[in-house]
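Welcome! Keep the structure open beside this text, and let's walk through some of its residues together.

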Amino acid sequence: MVFKLTFVTVALAALASAANYKRVTCPDGKNTATNEACCVFFALRDDLQSQLFDNQCGEEVHEVLRLTFHDGVGFSQSGALKGNGADGSIIIFQDIETNYVANAGTDSGVDDLNPFLQTHNVTAGDLIQFASAVGLTNCPGAPKLQFLAGRPNATIPADDGSVSQPQDSVDSILARFADVGFSSDEVIHLLSSHTIARSDTLVAGHTAVPFDSTPFTFDTQFFLEVLLAGTAVPFGVNNTVGAEVDSALAAEGEMRLQSDFSLSRDSRTACEWQSMVDNQNLMMSNFQTAMKKLSNIGQDTSKLVDCTEVLADPPAPAAQHATFPAGTNSSEVQQACSSAFPTLSVDPGQATQIPGCPNGDLNASDC
């Protein structure tokens, strides 16, 4: 009985403590936070949305999300390469890192964020990870990412060779990510980002070339469409360094990376790839967990502050299920995993039209 009374007393005291806990009122007078260190991110969030993203899952979101990868993987457990992970080095040392071949096009994302580094009291590493998390809140179907604040600014640039390239072999890609600290499954989880990715540099004479038919929604179409038999390259222009292979939707302007093609069919990764076809919740959960790890590479998380509360919840998924794009069907699946493939419907009508803008406009120049 004494034990029970003691337990109840402690429990009531804990509840009272929680009820009396006061949030910090931020200097702006309109926001509150669990930690004062989070206050600066409310204004940064609002400025990113109004001045950069326009509250849309558009090109700027793609560019900033790419920075999280190219900054975060600048790390080596073995010491083979120099770099301190997710520390903002790609901004701090932009004149060096954006000139690496594997980082072609990242200067656009850096240019997007540079003004905010001047007007807000945050570090470059925090800016990259926070901006990416804010941008994803505009993408239907995206998970809400964790954001920890307090990364110190980079003191050295990451070495060239830190970032894998699409023409690299599966062995090379998995080895590079293993040196960063990622398993083969986690590599596939991170590639969920390609559902909202487009290339400005890989197809000569063309920009904003999408990797799937729904480049403005975070869905599983990417994992399905990469498994479809390729027929040609978009625009009839093949990448000269082997970064591109035939796409199933080349006529519609969709490209396929050689690395995505190979990873989707390799015995070490094929089943993990297939597991996310038509499994939105699994894809969201896997990406959320993998990004939590990536965003903190090289950081002592015990010294960081959880400011996830500043982020809004992303919109719900735009569709409940993956579908075969019009003009394709199940006979075109190049299945490399022995597990049963999901039964999917086929979109009706003529060949799929891929939007060029978040509002559905087919012409990217109208965005």
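## The nonpolar core

The largest nonpolar core has 84 residues, and the members that touch the most others are Phe41, Leu48, Ile91, Leu113, Phe130, Leu136 and Trp273. Helix H7 (residues 124-136) gives the most to this core, with 8 residues. A nonpolar core here is a set of buried Ala, Val, Leu, Ile, Met, Phe, Trp, Tyr and Cys residues joined through side-chain atoms within 4.5 Å. Buried means under 20% relative accessible area, exposed means over 50%, and partly exposed lies in between (1.4 Å probe, protein chains only). In soluble globular proteins, nonpolar side chains tend to be buried together.

This is a predicted model, in which local features need pLDDT of at least 70 and side-chain atom pairs count only at pLDDT 80 or more, while totals for chains, interfaces and linings use all residues. Residues are numbered from 1 along each chain as its sequence is written, and side-chain values use heavy atoms, with hydrogens and water left out. Helices (H or I, at least four residues) and strands (E, at least two) are DSSP runs, numbered from the N terminus.

Touching, or contact, means heavy atoms within 4.5 Å.

Ala133 is found in helix H7. This alanine counts as buried because its relative accessible area is 2%. Not counting residues up to four places away in sequence, Ala133 touches Leu145 and Leu311. Val310 is 177 residues from Ala133 along the chain, yet their C-alpha atoms are separated by 10 Å.

## A helix that bends

Now find helix H6 (residues 106-119), which bends by about 30 degrees at Leu113. The bend at a residue is the angle between axes fitted to the seven residues ending there and the seven starting there. A proline, Pro115, follows within four residues of the bend.

The buried residues of H6 are Thr106, Gly109, Val110, Asp112, Leu113, Asn114, Phe116 and Leu117. What covers them includes helix H2 (40-53), helix H3 (59-72), helix H4 (89-92), helix H5 (94-97) and H7.

Where is Arg265? Look in helix H11 (residues 258-265). Arg265 is buried yet has no salt bridge, and the nearest side chain of opposite charge, Asp260, is 9.3 Å away. A salt bridge is a side-chain nitrogen of Lys or Arg within 4 Å of a carboxyl oxygen of Asp or Glu; for charge, Lys and Arg count as positive and Asp and Glu as negative, while His and the chain ends are not counted. The side chain of Arg265 does make a polar contact with the side chain of Gln334 (2.7 Å), and reaches the backbone oxygen of Val226 at 3.1 Å. A polar contact is a pair of N or O atoms within 3.5 Å; within protein, one must be able to donate a hydrogen and the other to accept it, and residues adjacent in sequence count only if both atoms are side-chain atoms.

Arg198 lies in strand S4 (residues 198-199). Is Arg198 buried or exposed? Arg198 counts as buried because its relative accessibility is 13%. Its side chain is joined to that of Glu59 by a polar contact of 2.7 Å, and one of its polar side-chain atoms lies 3.1 Å from the backbone oxygen of Gly356.

## Alanines and an asparagine

Ala270 lies in helix H12 (residues 270-275) and is buried, with a relative accessible area of 2%. Beyond four places in sequence, the residues that Ala270 touches are Leu263, Ser264, Arg265, Ala336 and Cys337.

Ala208 sits in the loop between S4 and strand S5 (209-210). Its phi is positive, about 55 degrees, although Ala208 is not a glycine. Asn55, in the loop between H2 and H3, also has a positive phi, near 55 degrees. Ala208 counts as buried at 16% relative accessibility, whereas Asn55 is exposed at 52%.

## An exposed cysteine

Finally, look at the segment after strand S8 (305-306), where Cys367 lies. Cys367 counts as exposed because its relative accessibility is 58%. Not counting residues up to four places away in sequence, Cys367 touches Gly356, Cys357 and Pro358.
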